[in-house]
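Please look at the structure below and follow the explanation through it, part by part.

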Amino acid sequence: MTDMPRVTVIVPCRNEARYIGPCLDSILATAYPLDRLEILVVDGQSTDGTRKIVSEYTEKHPCIRLMENPRRVVPTALNIGIQAASGEIVARMDAHVVYPPEYLPRLVLGLQEHGVDNIGGCMITLPADGTATAQAIAIALSHPFGVGNARFRIGARHAQLVDTVPFGCYPRDVFKRIGTFDEEMVRNQDDEFNNRIIRKGGRVMLLPDVVCYYYARGSFAKLGRMFYQYGAFKPLAARKSGRIATFRQLIPAAFVAALGASLIGGVFWPRAAFAGATIATVYAAGVLATAVSVARTHGFRCAVALAAVFPVLHASYGVGFLRGLRDAVFGRRGRWRDPAVLPLSR
C-alpha cells in the first residue's frame, strides 16, 4: 500500500459537538488505508465541548491531530491545515458531513485518472432533525427551484467540469501554483479559490457517483443567516476573480431588487406596482406548485413548511448579495472584517 499517495484531510470546525463525532467516525471508516492518511481537525476555539470530543479521538487514533485556529474562520483553518499537511493530496472534509467508505478513495482515484486541479462529489442533504421545517429545508437545498442548477446539490448524470464543488480534493502542488485560500472570504472561499484555478487554466471536476451526506440547518433563522452570508460574500468573490461564476448567483438578488423597486416605484407609477405584483404572483405560483408536488411524497406539513422555506432562502441570499454588492462597489467592508462575526461551520 506504500505506492498509494499520502492524503491529508483537513476538517475545519467550531462548536460542532453534535456532528464532529459522526464525521470523524465516517472518515476513520474509509476504505483508504489509514496508514496513508492524516486527519487535521483545525478548531476555531470551540466552547461547546467539540475540543474534548476531538481530544478523545486523538488519544485513540494517531492519525488524528487537533490544531488551533485563533481567527475562527474557515479559510484560516484551511490554510493552517495546508501549511501543516504532509500528504501529496489534500482533502477538505467538513464537520457537518458524514462520508461513505468509498468517498475518499474515489476522489483520489479521480484526481489520478483525470489530472484535474480539484475534484469533488455530490452532496445529499439530510434534515437536521425530524421536524417538518428541517425536512423542508433539506428538500429546498436539493431542489432546482431552491438552488438552481448547482449540480453538486441537485445531482448530475456524468462526470463534468464545473465552476465549483463542495469539500474539494486537491493535489498539494495546486497551492504552490494557485496560492492558498483568501482569508478575507469568510464565506464562499471555495468559490473564490475555484475561480482562481479556472482563471489560471486549471480544471474543477464533479464526480456524480461520489456522494457525501450533509446535515442542513434546522430552523428558518439559521437558514436565513447562512444564506444571507453566502449572498453577501458572492460579489466580493466576483470582484476578486473578475467574473461572475454562474448566472444563477444573480437571480435571487435580481428578484429582490425588482420587488423592492416596484414597491417604491408603485407609489408614483401604477405600472411599476403591476409589474411587482406580476413578479410576486409568478414566484408564488412556482412555490405553490413545488410544495404541492412535495406534499404527495412528504405530507402536508412538510409542504407548508417548504412554501415558507423558499422565500426565506431566496430573500436572505438576495438581500445579502445586494449588501455585498454595495460593499464591493464602494469598498465598504464594515463588520465583515471581524472574523468573530460569522460562525465557522457551513
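Asn-188 sits in the loop between helix H8 (174-178) and helix H9 (189-199); helices here are DSSP runs of H or I with at least four residues, strands are DSSP runs of E with at least two, and both are numbered from the N terminus. Asn-188 has a positive phi of about 60° although it is not a glycine. Most residues other than glycine have a negative phi. With a relative accessibility of 6%, Asn-188 counts as buried, where buried means under 20% relative accessible area, exposed means over 50%, and partly exposed is in between (1.4 Å probe, protein chains only).

The model is predicted: local features need pLDDT of at least 70 and side-chain atom pairs count only at pLDDT 80 or more, while totals for chains, interfaces and linings use all residues. Residues are numbered from 1 along each chain as its sequence is written, and side-chain values use heavy atoms, with hydrogens and water left out.

Phe-167 also has a positive phi without being a glycine, at about 55°. Phe-167 belongs to the loop between strand E7 (160-161) and strand E8 (169-171). Its relative accessibility is 1%, so Phe-167 counts as buried.

Two strands are said to pair if DSSP finds at least two bridges between them. Across from Met-205 in E9 stands Leu-161. Strand E6 (residues 118-126) pairs with E9 in the parallel sense, over 9 bridges, and Met-123 is opposite Cys-212 of E9. Strand E5 (residues 97-98) pairs with E9 in the antiparallel sense over 2 bridges, and Tyr-213 in E9 is the bridge partner of Val-98. Of the 12 residues of E9, 9 are buried, so the strand is largely enclosed by the rest of the structure.

Helix H3 (residues 74-84) is another enclosed element: 8 of its 11 residues are buried, so H3 is largely enclosed by the rest of the structure. The buried residues of H3 are Val-74, Pro-75, Thr-76, Ala-77, Leu-78, Asn-79, Gly-81 and Ile-82. Their cover includes strand E1 (7-13), strand E2 (37-43), strand E4 (89-92), H8 and H9, with contact meaning heavy atoms within 4.5 Å.

The axes of helix H10 (residues 220-241) and helix H13 (residues 300-330) come within 7 Å and cross at roughly 35°. Axes are lines fitted to C-alpha atoms, for helices over the stretch in contact, and angles run from 0 to 180 degrees between N-to-C directions. The contact of H10 with H13 has 18 nonpolar, 5 polar and 4 charged residues. Ala, Val, Leu, Ile, Met, Phe, Trp, Tyr, Cys and Pro count as nonpolar, Asp, Glu, Lys and Arg as charged, and the others, Gly among them, as polar.

Aromatic rings are the last topic. Rings of Phe, Tyr and Trp (its six-membered ring) pair if their centres lie within 6.5 Å; planes under 30 degrees apart count as stacked, over 60 as edge-to-face and the rest as tilted. By this rule there are 13 aromatic pairs. One of them, Phe-145 with Phe-310, is edge-to-face, at 4.9 Å centre to centre and 75° between the planes. This pair links distant parts of the chain, 165 residues apart: Phe-145 is in helix H6 (residues 144-147) and Phe-310 in H13. Phe-145 is partly exposed, with a relative accessible area of 27%, whereas Phe-310 is buried at 0%. Phe-145, Phe-255, Tyr-283 and Phe-310 form one aromatic cluster.
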